[in-house]
Every structure is written in C-alpha cells, then in structure tokens.
Amino acid sequence: MAGVFSNKISAKFNLPTLLLFLGAGIVAELLLPFNGGSYAQHINFFGIIAMCFILFSGGCETSLDNIRPVAVHGLVLAMPGVILTALLIGSGAYFVLGGKYHFTWCLLLGSIISSTDAAAVFSILRGQGVGLKGKLKPLLEFESGSNDPTAAFLTLLMINIVLGKSGNFFVQIPLVIYQLGGGLLLGWAFGRLGQKLFYVKLAHEGLYFVTGVAYVLLCYGITQLLHANGFMACYVCGVMLNSGRYNYQKALTKFYNGIAWLMQVGLFTVLGFLANPKELISPQVWLPGIALGLLLMFIARPLAVFICLAGSEFSLREKLMVSWVGIRGAAPIVLATFPLAAGVENADFMFRIIFFMVIISILLQGGMLMPVARWLKVAKTAKRTYAPAPLELEVTHNSANQEMQEYHIGENHPFAGKTLAQIALPQGVLVTMIRRNNTFIPPRGDTMIQAGDGLLIMAEIGLLRRVEEKYFRS
C-alpha cells in the first residue's frame with residue numbers, strides 16, 4: 001500500500017515512481033523487526049517470478065509491427081551491447097576500487113549492472129506525457145525487454161568463474177547462443193500456441209485469467225527445464241500473443257498489466273528490504289557507487305550504444321538519447337541477490353554498490369528523461385489520453401472479426417459540421433457512441449458532428465482499417 005500510494009507523491013513532486021517504491025521498502029526494513037538481508041534467497045525467488053510477469057506484460061503491450069523494423073538493432077544492443085557494457089564497467093570497477101578485488105569479481109559486478117531494466121523502462125516510457133520521435137520508443141522497449149537474459153547468463157557464468165566452477169568465457173559462447181536462441185524460439189512457439197489455447201471456449205470467464213497466470217509460469221518453467229532462457233521466452237511469448245486475436249484479449253491484457261504492476265510494486269518494495277540505509281550512506285559505498293554510476297551513464301553505456309549502432313540510420317541525437325535511456329532498476333538488484341545466495345565473497349558489498357548505482361540511474365536518467373529528450377530535440381507531444389469509453393467490444397468467438405475504435409475529429413476534419421447521415425460511412429460501419437466534452441451521447445442520423453468529438457466506430461477489421469486509412473490517417 002505504501003508503494004502504491006507513493007505514486008501520488010511521485011506525481012506531485014515529479015520524482016520517479018520506482019525510486020519511491022524502493023524507499024517504501026527501505027523504510028519498512030527500518031521499522032519492521034526483521035533483517036531483510038537474511039531473506040535474500042526468498043527475495044531472489046520472488047524476483048524471478050516477478051520479472052517473468054513484468055516481461056510478459058511488456059510483450060503483450062508491444063506491437064510486433066513496431067518492433068520488426070528495429071529488431072536487429074535491438075538484439076545487437078541486447079546481446080553484444082550488454083557484454084561490452086559489462087566489460088567496460090567491470091574494468092572501471094577494478095580501477096575505481098583500487099585493485100582491492102579480483103578482476104573476475106569486478107566483471108561479475110559489471111555483468112549484474114550491464115542491462116537496462118524492463119520494469120523501469122516500460123514504466124517511464126509508457127508514463128503520462130512521454131513521447132519520443134521515430135523508432136526510438138520501440139527500440140528502447142524491445143532492448144529492455146530482451147537484454148535481461150544476456151545479463152542473467154553473464155551473471156551466472158561469472159559467479160561460476162569467481163567460485164572456480166567454470167572455464168573461460170569463450171568456451172561458453174555456444175551455450176550463450178543456445179540459451180538466447182532457444183528462448184526466442186520457445187517464446188515464439190508458446191505465443192503461437194497461446195493464441196489457440198485462449199481461443200478454446202471455457203465454461204466460466206474467470207478461468208481465462210487463471211489460465212493466463214499458469215501459462216506465463218509454464219512458459220518460463222518449460223524453457224528453463226530445456227536449459228534455454230525463460231526471461232527471453234516470456235517476453236517473446238507476450239509479443240507473439242499480442243500479434244493475434246483470442247478470447248477476452250482486451251481483458252487479459254489489462255489483467256496482465258495489473259499483475260505486472262503488482263509485481264513491480266512488490267518487487268521494488270521488497271528489494272528495498274535488502275538495503276541497510278546506514279551502510280548505503282557509508283563513504284565506502286556511495287563514493288564508488290557514484291563514480292561507477294557516472295562511468296556507466298556517461299562512458300560505458302554511450303560507448304556501447306555508439307559501437308552497436310554504428311552504420312545504422314539513427315542520427316547522432318537519437319544515439320545520444322538511446323545512450324541516456326540506459327535506466328537500471330529491479331533486474332540488476334535481483335541479479336545482485338544471486339552472488340548473495342551463491343556465497344560469493346564480499347557479495348554484500350557488491351550488492352550495496354549495485355543498489356546505489358540503481359538509485360542514481362533511476363533518479364538521474366529516469367527523472368531527466370524528457371528534459372534530455374527535449375534538449376536533444378527528439379521529444380514529441382504525446383497523444384492526449386481519454387477516459388475509457390463506457391462501451392468496449394471484447395474479443396470473443398462471436399466478435400473475432402470485428403473491432404471498435406475511437407477516432408477524434410480535428411478542427412479541419414471533413415466530418416466537422418456535418419450530420420451522421422451526411423457523412424455516409426460505408427455499409428457495415430456503425431458509429432456506436434459520440435464523445436463530447438466530458439460525456440457520451442447516443443448517435444442519431446441528425447446528430448451534428450463537432451470539432452473535438454470522438455467517434456466510437458465499430459466494423460469488420462478489414463473494413464475498419466480502410467475507413468481509418470481514408471478518413472483518420474494521421
């Protein structure tokens with residue numbers, strides 16, 4: 001509850017919501033009579049489950065058509081880009097920490113903090129008033145949704161190397177390809193199968209939502225049992241599900257969004273339990289934390305982005321924007337619990353540095369995202385949001401080929417100043433309701449359409465697309 005209602009404070013003082021979720025957890029750790037650090041393994045398990053639902057929900061709200069043009073660049077950022085970032089931060093950590101820790105220990109730290117965080121990026125980019133030009137938004141969302149698996153693999157690999165249980169990195173390259181490629185393939189297969197599964201008629205509506213929860217866990221679990229990457233599979237499964245139509249699709253998408261927020265609030269708040277404020281404010285933590293945070297934001301991330309996007313169609317300003325949206329969040333903190341659970345020496349110190357770097361990233365990169373976008377001239381005015389209409393056409397067996405959308409009438413629109421009878425929409429296209437000011441009115445043939453109105457139009461999908469192309473192309 002503290003995490004949820006901290007959002008009101010966030011909106012009032014323009015603070016990143018996720019930072020306040022962490023703050024709620026830190027306060028709880030101070031007030032409640034237990035040591036959060038002793039529950040690292042439990043929190044690690046919850047973090048894995050939470051990331052499954054966060055990534056899956058992000059995929060369910062990602063259009064395959066939007067990410068297809070940026071898929072190659074996104075995958076380059078998500079794989080070689082993450083490895084390069086880990087190497088740069090690991091090398092920087094070795095020098096910032098004065099060589100007190102073994103180089104492989106520093107590379108483990110770099111691996112943990114190497115990926116952008118899906119929960120943070122989805123939350124901020126899809127927040128109110130956030131708009132980016134061109135292909136920036138789908139690129140950043142696709143990268144954040146697909147790069148956690150690479151960081152997770154690097155983290156587990158480096159833990160084994162630090163503990164002396166694994167060989168060198170290059171021997172593991174085929175395993176990297178298998179895990180990530182297997183995650184992509186199984187996610188695609190689960191997404192396609194899910195479209196058919198959710199189209200099966202069930203006796204009770206509520207069972208679709210039970211199936212939805214089970215299906216995410218099944219996707220992750222089976223993928224992991226096959227030694228592929230479950231995080232990648234969950235994200236791709238969500239994207240593929242969103243590319244088709246199935247029973248109660250709109251309701252399920254909202255349901256997954258609610259579950260993702262539950263996981264997001266719970267995850268950041270619980271991760272706050274692991275932080276000891278007295279240790280965080282120690283100079284031994286915040287001095288290297290600030291130094292490595294700045295190194296990540298201003299050197300490692302930009303260098304990785306410019307190398308990975310070299311020769312692409314993205315402009316200098318766009319590459320700088322991609323560099324800035326390297327937001328760290330829950331994923332690195334979850335990954336930082338793996339060394340704790342594995343018994344890596346000085347893992348508690350590593351965790352505190354990672355935690356501090358995440359706070360710096362959310363505060364600076366998250367809080368300054370839109371000012372930086374406007375300074376780089378890559379921001380665009382976000383579309384005005386409207387309250388949901390009181391009518392909604394859900395996807396069911398009886399409406400599988402129909403759709404209902406709301407279209408808004410501008411000052412110079414050809415419909416403005418005409419009656420519904422005069423605009424003569426094609427046969428089979430129905431205006432079901434008109435939004436005017438703060439209310440909805442039932443349409444009649446003699447109803448005059450005014451500038452600023454919203455028309456709720458229903459038709460067969462192909463016919464609706466033709467009407468949209470002819471009258472409402474933006």
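Mentor: Before we start, buried means under 20% relative accessible area. Keep in mind that this is a predicted model.

Trainee: Switching to α22. Which residues are buried there?

Mentor: Leu463, Leu464 and Val467 are buried in α22, which spans residues 461–471. They cover an arc of only 100° around the axis, so they sit on the same side of α22.

Trainee: What covers them?

Mentor: The cover over the buried residues of α22 includes β1 (402–408) and β4 (454–460).

Trainee: What happens at the start of α22?

Mentor: There, a side-chain oxygen of Glu460 comes to within 3.1 Å of the backbone nitrogen of Gly462.

Trainee: Now α3 and α13. At what angle do their axes cross?

Mentor: The axes of α3 (residues 40–60) and α13 (residues 230–242) cross at roughly 30° and come within 6 Å. Angles under 35 degrees count as roughly parallel, and α3 and α13 are therefore roughly parallel to each other.

Trainee: Is the crossing left-handed or right-handed?

Mentor: Right-handed, as α3 passes α13. Residues making the contact include Ile48, Met51 and Phe56 of α3, and Phe231, Tyr235 and Leu241 of α13.

Definitions and conventions. Residues numbered from 1 in each chain as written. Predicted model: local features only at pLDDT ≥ 70, side-chain atom pairs only at ≥ 80, totals over all residues. Heavy atoms only, no water. Buried < 20%, exposed > 50% of the residue type's maximum accessible area, 1.4 Å probe, protein only. Helix = DSSP H or I, 4+ residues; strand = E, 2+ residues; numbered from the N terminus. Arc of directions from axis to C-beta. Contact = heavy atoms within 4.5 Å. Polar contact = N/O pair within 3.5 Å; in protein donor to acceptor, adjacent residues only side chain to side chain. Axes fitted to C-alpha atoms, helices over the stretch in contact; angles between N-to-C directions. Parallel < 35°, antiparallel > 145°, perpendicular 65-115°, else oblique. Left-handed = near helix turned anticlockwise from the far one by under 90°.
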